[in-house]
Amino acid sequence: MGKRADIRARRERAKRRQKFISIGAVLPGLILIGVVIAMVISGQTNAENVIDDIIMPEKHERPMVNGSSMGDPNASVKVNEFSNFECGHCKTFAEGAESYIASTYIETGDVYLTYVPFTWTESAAKASEAAYCAMDQGQFWEYHDVLFANQTNTALPGFNNAVLFAMAEKLGLDSSTFEKCLTSGKHSNQVAKDSLFAQEQGATGTPTFDVNGVLVFTDGLEDAIKTALGR
C-alpha cells in the first residue's frame with residue numbers, strides 16, 4: 001500500500017471510530033429520556049387503575065388561604081404545624097381539631113398557621129411534594145385533605161406516583177402540569193428544607209406545633225395560643 005493510500009485508510013478508520021464514539025455518547029441520553037417517558041406513561045396508566053378507589057373528603061373552606069398557610073399574615077401569633085401525611089395523629093388533627101382552631105383563632109385574625117411537612121420516609125416526602133405541586137395550582141389544602149382521607153385506604157398501594165397522579169385528577173388539577181412538577185422533583189429541595197427546619201426548631205415527632213417559638217403537641221395547642229394572645 002502506497003503512502004497516500006495508507007493515510008486515507010487511517011483517516012477512514014479514525015472517522016469510523018469517531019462515529020461510534022458519538023453514538024455511544026448519545027445513546028445513554030436517549031435511553032434515559034425513554035425511561036423517563038416510560039415512567040410518566042406508566043404512572044398515567046396506573047393512575048387510571050386506582051382513580052376509582054380514591055376517597056374524596058367533604059370540602060370545607062379555610063380562612064384567608066395563602067399557599068400552605070391560612071390566616072392573616074400580620075397576626076400576632078404565628079403557628080407552624082410540623083406534620084406528616086403518613087402520621088395517624090396528624091390525620092386526627094387535620095380532620096378534627098384543625099377546624100376548631102381555624103374558626104376560633106385563625107378566622108378572627110389572631111393566628112396565622114403554616115403547614116410544614118416533617119418527613120422521614122420517601123413516600124411521605126413524595127406526598128408532601130405532591131401537595132406543593134397542587135399548591136402551584138392553588139389547591140394545597142384540598143390536596144392535603146385528600147391525602148389524609150386516603151392515609152388508611154387499604155384499596156390503595158400507598159402514596160406512590162400513580163396514586164398521587166390520581167388524586168390530582170380527582171381534584172380537577174391540570175394533569176400534565178402536575179405530573180411534570182412531581183416527576184421532575186420540583187419541590188424536593190423545599191420538602192427537605194422543611195424537615196430540617198422542623199428539626200432545628202426542636203420537633204422530634206408529628207404533629208408538633210411551634211407557637212411563637214414555643215413547641216407543643218395537639219393537646220397543648222389552644223393553651224399555647226391563648227398564652228401568646230395574653231388571654
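Residues are numbered from 1 along each chain as its sequence is written, and side-chain values use heavy atoms, with hydrogens and water left out. Because the model is predicted, local features need pLDDT of at least 70 and side-chain atom pairs count only at pLDDT 80 or more, whereas totals for chains, interfaces and linings use all residues.

The chain holds nine helices and six strands, where helices (H or I, at least four residues) and strands (E, at least two) are DSSP runs numbered from the N terminus. Of the 231 residues in the chain, 43% are buried; buried means under 20% relative accessible area, exposed over 50% and partly exposed in between, with a 1.4 Å probe and protein chains only. Among contacts between residues at least 6 apart in sequence, 78% join residues at least 24 apart, a contact being heavy atoms within 4.5 Å.

Strand β3 (residues 77-83) is largely enclosed by the rest of the structure, because six of its seven residues are buried. With strand β4 (residues 111-117), β3 pairs in the parallel sense over seven bridges, and in this pairing valine 77 stands opposite valine 111. With strand β5 (residues 208-211), β3 pairs in the antiparallel sense over four bridges; two strands are taken to pair if DSSP finds at least two bridges between them. Valine 79 lies in β3 and has valine 211 as its bridge partner in β5. The relative accessible area of valine 79 is 1%, so this residue counts as buried. Apart from its neighbours within four places in sequence, valine 79 is in contact with Val111, Tyr112, Leu113, Thr114, Phe209, Asp210, Val211, Leu221 and Ile225. The C-alpha atoms of valine 79 and tyrosine 115 are separated by 8.6 Å, although the two residues are 36 residues apart along the chain.

Cysteine 90 is located in helix α2 (residues 88-94) and is counted as buried because its relative accessibility is 0%. When neighbours within four places in sequence are left aside, its contacts are Ser83, Asn84, Phe148, Thr206 and Pro207.

Rings of Phe, Tyr and Trp (its six-membered ring) pair if their centres lie within 6.5 Å, with planes under 30 degrees apart counted as stacked, over 60 as edge-to-face and the rest as tilted. By this rule there are eleven aromatic pairs. One of them, between phenylalanine 165 and phenylalanine 178, is edge-to-face, at 6.4 Å centre to centre and 85 degrees between the planes. This pair joins helix α6 (residues 161-170), which holds phenylalanine 165, to helix α7 (residues 175-184), which holds phenylalanine 178. Phenylalanine 165 is buried at 3% relative accessibility, and phenylalanine 178 is buried at 1%. Ring pairs also link Phe85, Tyr115, Tyr132, Phe140, Trp141 and Phe148 into a cluster.

Helix α4 (residues 122-135) and helix α5 (residues 140-149) pack at an angle of about 145 degrees, with their axes 7 Å apart; axes are lines fitted to C-alpha atoms, for helices over the stretch in contact, and angles run from 0 to 180 degrees between N-to-C directions. The contact is made by Ala127, Ala130, Ala131, Tyr132, Ala134 and Met135 of α4 together with Phe140, Tyr143 and Leu147 of α5.
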